Amino acid sequence: MLTVYNLRLGQDFQSNCYVVANDKKEAFAVDIGGEAQELIKFLSSKELTLKKIFLTHGHYDHFRGTAETVKNTGAKVYIHREDEAMMTDAERSLAYAIGFRSFNSVDEYEVTEDGDVIDFSGVPVKVIHTPGHTKGGVCYVCENKIFSGDTLFRMSIGRTDFPGGDFNELMASLKKLKNLSENMDYEVYPGHESTTTLLNEIERNPYMR
């Protein structure tokens, strides 16, 4: 049984960082947009060992605190191959464009592809490539949970006007997610704002109809 904690990191962008923990006090994080020390203090308070960091895409407001977190925890980082260049490039990651004055590159990471399954202490985490917000945007599916990054929000979707964005690709990505509902409903944990469910978005989100 996994427990999901939500930390709002990044004062300007309020990006969601999810910490997902098992009964053995092991954890993975999804997106670390800032305030690495806040995350590290949280892990310590819960006596959690961070094993993996899953990045949903390569925009800096979603990985700004990653390098510092890795330095303190030794956690392994995962990013889709289409967005890996953003890990070390302030321009491609939009770090300077969206107002950050410094850039902390992530130099070591594992590259993922669509359909990859990553083991987290016996629990599979599936990578679903969902381009549209960025070329390498992904969702991570684990148990009945979807970590949707900036692909799908509660009653909305991610922007497609940044470099690498494509509205038609995003619509195709949403269809991928919609097809998951044939088997079960899912809790959806987006990159910004509040959580939702996949069936709720299919029924109420105009982009999912």
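I looked up Y140 first: at 1% relative accessibility it counts as buried (buried is under 20% relative accessible area, exposed over 50% and partly exposed in between, with a 1.4 Å probe and protein chains only).

A note on what I am reading: this is a predicted model, where local features need pLDDT of at least 70, side-chain atom pairs count only at pLDDT 80 or more, and totals for chains, interfaces and linings use all residues. Residues are numbered from 1 along each chain as its sequence is written, and side-chain values use heavy atoms, leaving out hydrogens and water.

Next, the ring pairs. I took rings of Phe, Tyr and Trp (its six-membered ring) as paired if their centres lie within 6.5 Å, calling planes under 30 degrees apart stacked, over 60 edge-to-face and the rest tilted. The count by this rule is 13 aromatic pairs.

I checked F28 and F54: the ring centres are 5.1 Å apart with planes at 70°, so this pair is edge-to-face. F28 sits in strand β3 (residues 26–30) and F54 in strand β4 (residues 49–54), 26 residues apart; strands are DSSP runs (E, at least two residues), numbered from the N terminus.

How buried is F54? Its relative accessible area is 0%, so F54 is buried.

F54 also meets Y140: their ring centres are 5.0 Å apart and the planes are at 40°, so I logged the pair as tilted. Y140 is in strand β9 (residues 138–142), so the pair ties together parts 86 residues apart in sequence.

Last entry: I found Y18, F28, F54, Y78, F120, Y140, F147 and Y189 in one aromatic cluster.

Key: Helix = DSSP H or I, 4+ residues; strand = E, 2+ residues; numbered from the N terminus.
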